[in-house]
Amino acid sequence: MSVKIIVGAQWGDEGKGKIVDLLSENVDIVARYQGGANAGHTVVVDGKTYVLHLIPSGILHPNVVCVIGNGVVLDPQAFLDEVALLESFNIKVRGRVFISHNAHLIMPYHKLIDTLKEQGAEKIGTTGRGIGPAYIDKFARVGIKIVDLLHRDVLVKKIRSNIEDKNQILSKIYHSSEINVDEIVDKYLQYDKQLDEFIKDTSLYLNQELKAGKKALAEGAQGAMLDVDFGTYPYVTSSNPTSGGACTGLGVPPTAVDSIIGVAKAYTTRVGNGPFPTEQQNEIGERLRSIGGEYGATTGRPRRCGWLDLFSLKYSGMVNGIEEIALTKLDVLDDFNEIKVCVGYKYSGKPLKSFPLDLCTIEDIEPVYETLPGWKTKISKAKKFEELPQNCRSYIEFIEKYLGIPLSIISVGAMRDQTIVR
Ligand code: GDP
Ligand code: IMO
Ligand code: MG
């Protein structure tokens with residue numbers, strides 16, 4: 001069976017959308033395995049820019065079937081809006097996008113609680129899309145699944161019971177007004193009709209197709225450093241973007257996975273709060289943001305920017321089992337005289353041997369940098385590795401040597417053809 005996992009290797013927004021679109025040319029199925037409409041995956045094709053939140057980034061290839069797996073938390077309105085947007089661009093969606101009947105639904109109270117919680121003292125800087133509260137309900141075993149839409153009585157009962165609970169939280173903890181049950185029941189009964197044609201047992205479908213020789217890409221959202229288990233907890237998302245999440249989030253066995261590609265930016269960005277050792281809160285960070293257009297694809301928030309952090313990337317390579325890396329946005333560094341790369345962390349003056357997972361340590365570490373010369377040449381037209389300036393090739397080789405992982409794809413612009421495949 002042939003599943004290739006495409007995983008974000010940093011703090012999200014690495015350019016997964018572009019790489020998934022690129023690799024979709026040679027596959028039959030592209031499947032999202034976790035997260036929800038917190039993701040914003042940008043694909044630029046024929047001068048048009050598409051920002052996808054829930055629908056996999058393979059959708060622009062007409063022969064690819066797209067799957068939204070059981071590991072995703074689905075906001076029905078966000079999904080229907082995305083379908084409408086793609087259809088307005090004359091992209092066929094119906095009959096080629098399937099949602100797992102086993103995925104959980106985002107409910108209005110999830111978004112409300114997400115937003116209210118963020119108004120308190122402990123701010124994660126979430127996207128406000130209801131992700132955390134929806135996964136809390138999933139694991140508390142009170143979540144509402146897509147399959148529940150098929151059984152009207154169960155749906156109404158579950159919504160009522162959830163809203164009773166949530167109204168307690170809303171009024172007593174957040175001193176907010178309560179939610180009207182009937183309004184939500186009516187809305188979700190409508191969604192039932194609208195979503196019906198998209199619903200499938202996608203785990204069964206994927207396993208059957210893979211057995212029959214079809215090829216699939218598993219598209220991760222967010223990135224390893226935002227993983228609830230392996231990221232900079234608690235400043236993380238509430239799912240497992242790391243490669244292990246692909247199997248549980250799609251219902252395919254680990255034996256079906258034949259390769260894992262990590263997507264990493266040539267520098268680092270992060271949106272929201274939390275540790276970011278190589279952040280540059282200065283003119284360098286501002287230059288990276290303005291040249292790289294580093295504003296959130298989902299919320300429009302300015303992204304925090306800094307140098308490439310190879311120490312965290314090595315850790316990400318380990319927990320994901322990354323075998324090759326797609327390095328993106330290398331062109332953003334074209335104008336820098338010097339480029340710094342973090343090659344280690346020091347804590348209390350001593351080098352750390354492994355990536356620290358306790359917040360107190362990571363907030364107190366000092367990054368150790370190596371400085372490499374810039375190339376001061378525009379590289380967006382390069383089609384082969386050999387066409388890149390010497391200093392640029394040295395930057396790539398430095399990363400490969402440090403990580404012990406080949407950089408098999410080098411992206412030098414947002415468009416499909418601005419890519420060097422080695
Ligand atoms: P994702 O969430 O990982 O899919 O990444 P985003 O779409 O949120 O952010 C990546 C941004 O960089 C998008 O605007 C892409 O169009 C853009 N992009 C991707 N690759 C390149 C590249 O190699 N060079 C430049 N300049 N932009 C790129
Ligand atoms: P893509 O797939 C970058 C961040 C939020 C916040 C934290 C938790 O486009 O790479 P959440 O709403 O998930 O509870 O927020 O995670 N975050 C992302 N950052 N790219 C993303 O997705 C993100 N999705 C969530 O900013 O810090
Ligand atoms: Mg993004």
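**Reading rings, ligands and a metal site**

Trainee: How many aromatic pairs does the count come to?

Mentor: The count is 10 aromatic pairs. Rings of Phe, Tyr and Trp (its six-membered ring) pair if their centres lie within 6.5 Å; planes under 30 degrees apart are stacked, over 60 edge-to-face, and the rest tilted. Tyr 315 and Phe 355 form a stacked pair, 4.8 Å centre to centre, with 15° between the planes. This pair links distant parts of the chain, 40 residues apart. Tyr 315 is in helix H10 (residues 310–320). Phe 355 is in the loop between strand S17 (350–351) and helix H11 (359–364). Helices (H or I, at least four residues) and strands (E, at least two) are DSSP runs, numbered from the N terminus.

This is a predicted model: local features need pLDDT of at least 70, side-chain atom pairs count only at pLDDT 80 or more, and totals for chains, interfaces and linings use all residues. Residues are numbered from 1 along each chain as its sequence is written, chains are lettered from A and ligands numbered from 1 in the order written, and side-chain values use heavy atoms, leaving out hydrogens and water.

Trainee: Are Tyr 315 and Phe 355 buried or exposed?

Mentor: Tyr 315 and Phe 355 are both buried. Buried means under 20% relative accessible area, exposed over 50%, and partly exposed in between (1.4 Å probe, protein chains only). Now take Trp 375 and Tyr 395, a tilted pair at 5.7 Å centre to centre and 55° between the planes. Trp 375 is in the loop between strand S18 (366–373) and helix H12 (390–403), while Tyr 395 is in helix H12, 20 residues apart. Trp 375 counts as buried because its relative accessibility is 6%. Tyr 395 is buried too, at 1%.

Trainee: Which residues do ring pairs link into a cluster?

Mentor: Phe 311, Tyr 315, Tyr 345 and Phe 355.

Trainee: What lies over the face of Tyr 402?

Mentor: Lys 314, at 5.0 Å from the ring centre. The rule asks for NZ of Lys or CZ of Arg within 6 Å of the ring centre and within 35 degrees of the ring normal. Lys 340 lies over the face of Tyr 369 in this way, at 5.4 Å from the ring centre.

Trainee: Which residues come nearest to ligand 2?

Mentor: Asp 13, Lys 16, His 41, Thr 127 and Thr 237, of the 20 residues around ligand 2 (a heavy atom within 4 Å). Then look for polar contacts, pairs of N or O atoms within 3.5 Å. A polar side-chain atom of Thr 127 is 2.6 Å from an oxygen atom of ligand 2. A side-chain N or O atom of Arg 301 is 3.0 Å from an oxygen atom of ligand 2. Alone, ligand 2 exposes 550 Å², and the protein buries 97% of that (Shrake-Rupley method, 1.4 Å probe).

Trainee: What are the protein donors of the magnesium ion (ligand 3)?

Mentor: Asp 13 (OD) and Gly 40 (O), at 2.1 to 2.2 Å from the ion. Asp 13 is in the loop between strand S1 (2–8) and helix H1 (16–23), and Gly 40 is in the loop between strand S2 (29–32) and strand S3 (41–45), 27 residues apart. Donors are N, O and S atoms within 2.8 Å of the metal (3.2 Å for Na, K and Ca); water is not among the atoms, so sites may look incomplete. Asp 13 is partly exposed because its relative accessibility is 22%. Gly 40 is buried at 12%.

Methods. Polar contact = N/O pair within 3.5 Å; in protein donor to acceptor, adjacent residues only side chain to side chain.
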